[in-house]
Each structure stands twice: as structure tokens, then as C-alpha cells.
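Hi there,

Here is the structure I promised to pass on.

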Amino acid sequence: PNAEDDYDLNKAIASRSGLRQGLTSYGDAHFSLFLRKVFIKALGYTDDALSRPIIGIINTYSSYNPCHANVPQLIEAAKRGVQLHGGLAIDFPTITLHESFAHPTSMFLRNLMSMDTEEMIRAQPMDACIMIGGCDKTVPAQLMGGISANKPVLPLITGPMMPGSHRGERLGACTDCRNNWAAYRAGQIDMEDISAINEELAPTSGTCGVMGTASTMACVTAALGMMPLKGASAPAVSSGRLRIAEETGANAVSVAQAKRTPQEVLSKESFLNAITVLQAIGGSTNAVVHILAIANRHPEFQGEITLQTFDDIGRKTPLLIDLKPSGDNYMTDFHNAGGMLALLHTLRPLLHLNAMTISGKTLGQLLDESPFRSFQSSQEIIRPISNPLYPSSSLVVLRGNIAPNGAVMKASASKDRSLLKHSGPAVVFENSADLAKRIDDPDLPVTKDSVLVLKSIGPVGNPGMPEAGLIPLPRKLGSLGVTDMLRLSDGRMSGTAGGTIVLHISPESALQESPYGIVRTGDIITCDVEARKLQLEVSDEEIQQRIAERKANVSIETPDKSTRRGYRALYTRSVNQAEEGADFDFLTANGANW
Ligand code: FES
Ligand code: MG
């Protein structure tokens, strides 16, 4: 035998080791393996260690990300799980995203994080990868990247923060951030109170403690079958969270050995289950965009999960979880009430129990193995189907002449339900700057029946589609006690926010052919949630004429695709619309070969 064969057969690197993956870098596979071993040994690993299944662990710790403050402890616990089960754990960084520290918006960077995740999983030798995420955009970014890389991946969530307290009332980011700020704006609480509240809204590490985007995506990930059910809700600071991390490490070794990839685990049924859970928890509207982006990464059913799927499932699914912003409680309450295990048992008649999970068992098998005995206080947080918080259609999809490709509303978070069927004159703001300038103008021609219309916050118009859809109420109406108005935009809203708010209007106003782009102050807009209608009471001819005028008017600011550089240029050129997931066209499963 020649020396190369000898080397290959000889030592240590058993055929199952991930270290053999991708050995093409130097043309000669034997030399590549030899070289790779040189450098990995510099970290102090023995041949024995290197003969094990290699489990990558994505480290998204950053001092800018309090939602991920516990990542070092999670890595330690996950490594323990991996190594107790005969694997070798190797952690590595990717970018991380925190909602408040990702200018202009974390959504602008979600696709970048998904690319980083995908390419680093692909680039480095590993047999499976634990993806530690938590804050809003991180989990969808990791699922998108993980599905595209299609190595075995196991999401591990950082977990929700604990609630805080002020004058005997519990507080949690960020529903209570908004409520209290609105109360302060309306003069109902003073500077001393708002400062004390500021200290208590995020009292521990972890993700926002209400059913915002982070908690929603955690529940969705569990419903997809990608992680242990407790993993959705155990508090960030709990020992339970560390045990989930250890368990995930152990699972990673068996998932690696079974070579169970996300494209194999996830089926259309997994997504139908996830959307059922989304509706039942009154989840974040952002999750609609994320789930569409995640599903569209899967080559087998790209385009099969649509906005209509969300609406259809919503009609059959009651809202069962009494958590802010749709209800009253916090993620810790959901966890103590039985969390996802209790919820999935309750939802059982609505679920596709044959959907596969990362464990290699179907969802039905997992539920059969883990019965849940309900108790009184549990049923106050996780209601039985016979006593829902909201009968159905927590999230609805609206269509009409100004939203031909759809719009989304979290009807269950409406504060004034009379607005769910409402007609009123539009007060139009051309963009966020215009809104900031005029919303508190005492002369603004606005009444409580007006419809506030904000343009230019869609994916292209304001890259990242900022969470500016929660248009503040004009101060002069706030001080009169008005707490809700019908509000429209092509942007997003924080999952922790509430109100009668239509979002994700598509096509967005920045596109020249957008009918939403031609709405004018004084036009009558009708919203009828029951009929799923969002209508501008203006004739089709008039709409077409206005679109033609707008196209002819060169002074209209349109995104200049040619002169931008860097990631923003890539983003503006490639982002698709909200109803497709606001992903990059070249990243979707059948994406253009960019
Ligand atoms: Fe990270 Fe809310 S800011 S989850
Ligand atoms: Mg958020």
C-alpha cells in the first residue's frame, strides 16, 4: 500500500468523523485530512477525541445581546451532553442580533445572519450543529440557514426572561414598555414612575417575557418538531434551561449518527402544526413573515405555505393562551402551566400527529409517551378548546384593492373591537420622518374615526421593514382617552404590541405599481375583518390613474438600486415581499442563481 492509503486507513479518524467532510480544499483528500488534523490538534485534541462525531455549537453571545447573556452557560451544558454521549463538541461564532442594537432594524440583518449560519455550517467539518438563538430574528435566521445547509441541526433557545415588578404590579418587556410609555405620554404617570419602571421591564437575562416574536418563534420551533417541548418556555435563568441544553447535546449525537437532516424532518404537516400553534398562542405577526421565509427554504414545498394557509388554519383554531399582548400573563406562567406539552395535548384534534420530529419519533408518538395531567390554574393560562380567549382567527389575512397580495392583522390584540369593522377617512404619512414631524401637531386633521396610514416602511422602502407599524396615537387624542385607532402600514410591528393594526400591506408603497402607495389624506378606507376586506373606496379607474401619475412624477422618491453599495445594495436588490418571507430571492429553495 502507498503511504497515503496507509495514512488514511491507519489512524484515528474513523469513517464516521465529521473531520472528513469537505476534503477538497487542497486537491488531495489525504493531504487535506492530514493538514486539517495538524491544525485541529493545535487545539489539544487527541486522535481519540477526533474520532468522535463532531457537534458544532453556534455561539451567539455578545455583550450587545442581553437576550443571549446565558449562552456561555448553555454552551457548557450542551458540551456536557455531547461528550457524555460520545461526541466531540466544538463551538464557533456567528453574528448575533439584538432587537435594540441592530440599526436600522434587526430584520434588515436577519437574512445576513441566515447566510452566515448556512455558510459556516457548510464550511466547517461537523456531523450536526446545535444552533443557540433566542432574540427575535436569531431563531428564524438559524432555521433558514440550517434548512438550506441541510446538515443535522438542533435549535437551542436561550429562554424567556422573568417578569419584573413595580408597585405590586408585574411588568415584562416589551408589552409593558409600550403601555407605560403611552401612559407617560398621555400624562397618566410621572417621570419618577417611568424611571422606576425602566429598571424593572427587563429584570433578568433572556428574551422578552411576553408572547412577542422571540417567544412565538420558540413555540413555533417546538411545534415544528425541531426541539424538546420544554425548550420553548423554560426561563433563561432556570436550571431547567441548562438541563435542556444538556439534553440537546445528547440529542445532537444521536441525530448526527442517524444523519437526520432538517429537510428530512420537516414536512408540510410540520408547518401546518406550527401555524396552528401560532394561531393558538396569539403569536407575533412577525412570525408570519418568518415562517414563510423558513418554509420557502425547503425545496419540496417552496410556495405551498402561503398567507392563505395562515388564514385557513386561523378559522379553525381558537386562541388559548392568556399571555400578553393578547391576554394578561407572562412566559413563566405559560411554562408553569405546562408549556408546549400542555398546549399540544389541548390542540391534539387540530394537529397532524404523523409529522416527524428531530427525535425520530412522530409528534403523536411523543405526545403519547408524555401525557399531561391538566390542573385548575393551568387551564387559566392554557385554556381548554371549549373556553378559548378568542374563538378563532387570532391572526387574519386581509385583501382588497390596496392590498392585492395581502396584509396581516392580529385581530386578537385589537383594543377597540368596534374597529374590526370600520370605515373612516385616511390621514396619510408618506414615511416615518413625516409621521414623526406631524403626528403630535395640534392642527393635524384627525379624529378617533380617522384611519392612520403610514407608507414607505416596507422591505424595499425602508430596508428591514421596521417595526414602525404601531403608529402612535396623536397626542391630542391620547389625552382625550382614545386608546386605539385603525392603523395601516406596509411595515411590521413588534410582537409585543397591541391595537387594531394592519401590517405587511403588499405590494409595499415603495414599489411604483403599489396601489397602497397612492392613498391620499381624506380617502375613505374600509376594513372588515369578518369579510377579510381592506378596501379603498375609490374607483379602479381612479386608482390606475393615480398609479400612472405617480410613475410619471419623477420627484417621487424611489429606492435607488444602482448607487448603493455593500449589504444594503444586496438587500434592496434581492429582498422579496412580506408574503414571500422578505427573504433574498437567491436564497429561497428555488432561488435565482445570483
Ligand atoms: Fe430580545 Fe425581545 S429584545 S427578545
Ligand atoms: Mg420584538
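This is a predicted model: local features need pLDDT of at least 70, side-chain atom pairs count only at pLDDT 80 or more; totals for chains, interfaces and linings use all residues.

Residues are numbered from 1 along each chain as its sequence is written, while chains are lettered from A and ligands numbered from 1 in the order in which they are written.

First, the record. An unreviewed UniProt entry lists residues 52–365 as "domain: Dihydroxy-acid/6-phosphogluconate dehydratase N-terminal"; such annotations may be inferred rather than shown by experiment. In the model this span is 48% helix and 9% strand, and its end C-alpha atoms lie 30 Å apart. (Helices are DSSP runs of H or I with at least four residues, strands are runs of E with at least two, and both are numbered from the N terminus.)

Now the buried helices. A residue is called buried if 20 or more other C-beta atoms, placed from the backbone, lie within 10 Å of its own. In H9, 11 of its 11 residues are buried, Cys219 among them. They pack against H6, strand S4 (153–157), H12, H13, H15 and H16; contact here means C-beta atoms within 7 Å. After H9 comes Gly225, with a positive phi near 90°.

Helix H16 (residues 339–347) has 8 of its 9 residues buried, so the rest of the structure largely encloses it. The buried residues include Met340, Leu344 and Thr346, and the neighbours they pack against are H9, H12, H15, H17 and H18.

Two helix pairs are also worth a look. H6 (residues 138–149) and H13 (residues 286–295) pack at about 10°, with axes 9 Å apart. The axes are lines fitted to C-alpha atoms over the stretch in contact, and angles run from 0 to 180 degrees between N-to-C directions. These two helices are therefore roughly parallel, the word used for angles under 35 degrees. Pro140, Leu143, Met144 and Ile147 in H6 meet His290, Ala293 and Ile294 in H13.

H12 and H14 (residues 307–316) pack at an angle of about 60°, again with axes 9 Å apart. Leu272, Ile275, Thr276 and Gln279 in H12 meet Thr309, Phe310, Ile313 and Gly314 in H14.

Technical notes:
A residue is buried if 20 or more other C-beta atoms lie within 10 Å of its own, exposed if 12 or fewer, and partly exposed in between; C-beta atoms are placed from the backbone. Two residues are in contact if their C-beta atoms, placed from the backbone, lie within 7 Å. Angles under 35 degrees count as roughly parallel, over 145 as roughly antiparallel, 65 to 115 as roughly perpendicular and the rest as oblique.
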